[in-house]
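Hello,

Here is the structure I promised to pass on to you. Please have a look at it first, and then read my notes below.

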Amino acid sequence: MDIYEPLQQVSMWGDSFKVEGGLNSIASPMLLVNTTTSMENKSEYIPHEPSEPSEVNQETTNKDVSKVLRRLAQNREAARKSRLRKKAYVQQLETSRLKLMQLELEIGRARKQGMCTDNALDTTFMGSPETINPVGIVAFEIEYGNWVDENHRRNEELRNVFQANASEVQLGQVVQNVLNHYTDLFRLKAEAAKADVLYLISGVWKPSVERLFLWIGGARPSQLLNLIVPQLDPLTEQQLASIKKLHLSSQQAEDALSQGLEKLQQSLVQDMAVDPFSATNHGFQMAIAIRKFEALESFVSQADHLRRETLIYMSRILSTHQAARGLIALGEYFHRLRTLGSRWTSRPCDSVISPRITP
Amino acid sequence: MEKVMRLASEKGVVIFTKSSCCLCYAVNILFQELGIRPMVHEIDQDPEGRDMEKALLRLGCTAPVPAVFIGGKLMGSTNEIMSLHLSGSLTQLLKPYQSRS
C-alpha cells in the first residue's frame, strides 16, 4: 500500500518530479512483476464467471491490478499537466527577463546621454550647452501616468453629472474642468519637449495603439473632431456649418504644419549627408543639426496649440449638453484604445521563447 | 522700425521670415492654401535684419518670425495666425486680398 501514498502529492508540480522519479525508480519494476503475473492469470480467467471460490484470490489480484493501472494513468496525466505548467512558468520568466534587459538598456542609455557633456570629445559636436535631461523624462512619464488617471476620473465625473440631469451651470463647470485638464497635458508636454523633443515627438510615452495615429507628438486635431461629432445629433444647420468650417480649418493648418516639418526633415538630411571624402569639420554640421532639433520644439508646440484650440472652439459651437456628450465620447475612445493596447501587450506570446518546429 | 512699417504696407499680406525657419515656411503654405500670395521678407538676408527683428518684437510679436501683417497691421506670429484661422476670422480678414485664380 506504500506505493499509493506519493500519488496523493502529485498536485504540487515541484514535488511531482520527485514523486515521478520515485515511481519510476521504485514502483514500476514491482508493478511490472505484478502485471505479468496478472496477465497470465487473466488469460485463463476471463471467460469464466468469478463465482468459484478457488478463483477469489485471482479476482482480488485483478482488482488490485486495475486499480494500480488506473492510478498509474492518473499519475501520468498529472505529471503531464505539471510539465505543461512548468513550461508556462518558465516562459513567463523568460519574457520578464527580456523585459528587464530592455529596461536596463534604456536606463543605461538615458544615463549616458546625461553624462554626454562630461565627454570632451562630444562637446565639439554640441552647439548648445543644454543636455538631454533624463530626470525630466522620468518625471514626465510619472506625471503623464497621473494625468491619465486623473483624466479618467474627470471623465467619469462628467458622465455622472451628465446622467444625473444636473443644471446647465453645473454641467458647464464640469465640462470646463475636463477642458482645462487637456490644457494641463499640453503644459506637461511642453516641459518634456524642452527636456527631450525627440523623445516627445516619437510618442513612445503613449500607449502603443495610440502611436498608430501619431501626428507630431499627439492626435490629429481633425481626428478629434471626427471622434466627437458623430455622437452629437441633433445638430442645428448653423452648428453643422460651423463644425464643417472648423474641420476644414484644422485640416488646412495640419497640412501646413506637416509640410513645414517635412522641410525641416529634408534640411536635416542634407546637413547629415556629407561627402565621406571631404575634409569638412562634421562637428560644425552637427551643431547646425542640433539647432534644428530645437526647432522641432516649436512644431510640437504648434501642434498642441492646434489640439487645444480645436477642442475649445468646438465646445463653443456646441451647447453645454452637446459638449459634455462629446467629451465623454472622446475620453471613452482613448480609454478603449488603452485597454486594446494592454490586451495586445499581454497576448500569449509563444514565438519568443519556444523554438517553432517548422513542418 | 520705419523699414518694417514701410515694408509691411507694401502689400496686403506681408510675412517677415528667416530663410532657415521652417515654421515660417508652414505659415506661408497655409496662406497659399487660402489663395493668398503673401510678400515674404527674409530678415536674415537683410543687412538691417537685427534691427528689424528688434522692431518686430517691440511691436508686440510673440516671436520675431514669422511676423504676419494684414493690411499693414501686425496680426501676430504662428500661434495667433493658427488661432485666427481656427476661429474662422482669418478667412474673413483675407477676403480683400485673395487672388482670383
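Chain A has 10 helices and zero strands, so that its pattern along the sequence is simply α-α-α-α-α-α-α-α-α-α. Please keep in mind that this is a predicted model. Of the 359 residues in chain A, 33% are buried. Taking the contacts in chain A between residues at least 6 apart in sequence, 75% join residues at least 24 apart. The chain exposes about 22,700 Å², and carbon and sulfur atoms supply 57% of that area.

Next, the core. The largest nonpolar core has 92 residues, and those touching the most other members are Leu158(A), Leu257(A), Leu330(A), Phe16(B) and Phe31(B). Helix 5 of chain A gives this core its largest share, 16 residues.

Which helix supplies the largest share of the lining of the second largest pocket? That is helix 9 of chain A, with 14 residues. At least two lining residues each come from helix 5 (168–202) and helix 9 (282–317) of chain A, and from helix 2 (22–33) and helix 4 (78–87) of chain B. By residue type, the lining of the second largest pocket divides into 14 nonpolar, 10 polar and 11 charged residues.

Helix 4 of chain B deserves a paragraph of its own. Seven of its 10 residues are buried, so helix 4 of chain B is largely enclosed by the rest of the structure. The buried residues are Thr78(B), Ile81(B), Met82(B), Ser83(B), Leu84(B), His85(B) and Leu86(B). What covers them comes from both chains: it includes helix 8 (237–272) and helix 9 of chain A, along with helix 2, strand 3 (67–70), strand 4 (73–76) and helix 5 (89–94) of chain B. After helix 4 of chain B comes Gly88(B), with a positive phi near 90°.

A few backbone details are also worth a look:

- Val65(B) and Pro66(B) are joined by a cis peptide bond, with omega about -5°. Pro66(B) sits in the loop between helix 3 (49–58) and strand 3 of chain B.
- Asn165(A), a residue other than glycine, has a positive phi near 55°. Its place is the loop between helix 4 (134–163) and helix 5 of chain A.
- Ile216(A) is not a glycine either, yet its phi is positive, about 45°. This residue lies in the loop between helix 6 (208–211) and helix 7 (221–228) of chain A.

Is Asn165(A) buried or exposed? Asn165(A) counts as exposed because its relative accessibility is 66%, and the cut-off for exposed is over 50%. Ile216(A), by contrast, is buried, because its relative accessible area of 8% falls under the 20% limit.

Best wishes

Methods: Residues are numbered from 1 along each chain as its sequence is written. Chains are lettered from A and ligands numbered from 1 in the order in which they are written. This is a predicted model: local features need pLDDT of at least 70, side-chain atom pairs count only at pLDDT 80 or more; totals for chains, interfaces and linings use all residues. Side-chain values use heavy atoms; hydrogens and water are left out. Helices (H or I, at least four residues) and strands (E, at least two) are DSSP runs, numbered from the N terminus. Buried means under 20% relative accessible area, exposed over 50%, partly exposed in between (1.4 Å probe, protein chains only). Contact means heavy atoms within 4.5 Å. Accessible areas come from the Shrake-Rupley method with a 1.4 Å probe; for residues, only the protein chains shown count as cover. Ala, Val, Leu, Ile, Met, Phe, Trp, Tyr, Cys and Pro count as nonpolar, Asp, Glu, Lys and Arg as charged, and the others, Gly among them, as polar. A nonpolar core is a set of buried Ala, Val, Leu, Ile, Met, Phe, Trp, Tyr and Cys residues joined through side-chain atoms within 4.5 Å.
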